[in-house]
Amino acid sequence: MKSSQKVIDYLNFLLAGELGARDQYFIHSQMYAEWELGKLHDRIYHEMEDETLHARLIINRVIMLGGIPNMQVSNLNIGNDVPSMLKSDLELEYSVQEHLKEGIALCEAERDYVTRDMLVKQLEDTEQDHAHWLEKQLRLIDLMGLENYLQSQTGEPTFATVTH
């Protein structure tokens, strides 16, 4: 199935963002695990899995449309403490939201409604799950104080982590 080259190019742009988000979340999850913040590890690891799924969907769509996936990762913004990590992840989600909205508009202009619907689902996930959860965590830090928040996040990660 052949599609608009504009849509394929934009999907590859979005793919770079999803791969970057996946890698940033993976690094942050491993840092949380090392710091014994198991609840944060588990949630951010879950986000990494979501970004991997988004990337897979985009890759499959690019291939189906006759393009070749570009696996270049966008820049990462790795934090050095919990607040900076949550803030950098939230900034990333806000950026992804804007790019998805631009992609949705492009798909409408190019009359590619199947790709548009895929991006709308990713936008819903980004806004309602990822960004909203990060906003709540930063609000909790403000309300509880960082020390109380960190104490509430301690414990062993549920998901396996490799430590050698």
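**Labels and their cut-offs**

User: Why are H1 and H3 called roughly antiparallel to each other?

Analyst: Helix H1 (residues 5-34) and helix H3 (residues 82-109) pack at an angle of about 165°, their axes 11 Å apart. Roughly antiparallel means over 145 degrees (under 35 is roughly parallel, 65 to 115 roughly perpendicular, the rest oblique), so H1 and H3 get that label. By class, their contact has 16 nonpolar, five polar and five charged residues.

This is a predicted model, where local features need pLDDT of at least 70, side-chain atom pairs count only at pLDDT 80 or more, and totals for chains, interfaces and linings use all residues. Residues are numbered from 1 along each chain as its sequence is written, and side-chain values use heavy atoms, with hydrogens and water left out.

User: What makes Asp 81 partly exposed?

Analyst: Asp 81 has a relative accessible area of 35%. Buried means under 20% and exposed over 50%, with partly exposed in between (1.4 Å probe, protein chains only), so Asp 81 is partly exposed. Asp 81 sits in the loop between helix H2 (38-64) and H3, and its C-alpha is 9.3 Å from that of Tyr 32, 49 residues apart along the chain.

User: How do you know what span is expected for H4?

Analyst: The expected span is 1.5 Å times one less than the number of residues. Helix H4 (residues 113-144) has 32 residues, and its 45 Å from first C-alpha to last is close to the 46 Å expected.

User: Where does H4 bend?

Analyst: At Thr 126, by about 35°; that's the angle between axes fitted to the seven residues ending there and the seven starting there. After H4 comes Gly 145, with a positive phi near 90°.

Terms used. Axes are lines fitted to C-alpha atoms, for helices over the stretch in contact, and angles run from 0 to 180 degrees between N-to-C directions. Helices (H or I, at least four residues) and strands (E, at least two) are DSSP runs, numbered from the N terminus. Ala, Val, Leu, Ile, Met, Phe, Trp, Tyr, Cys and Pro count as nonpolar, Asp, Glu, Lys and Arg as charged, and the others, Gly among them, as polar.
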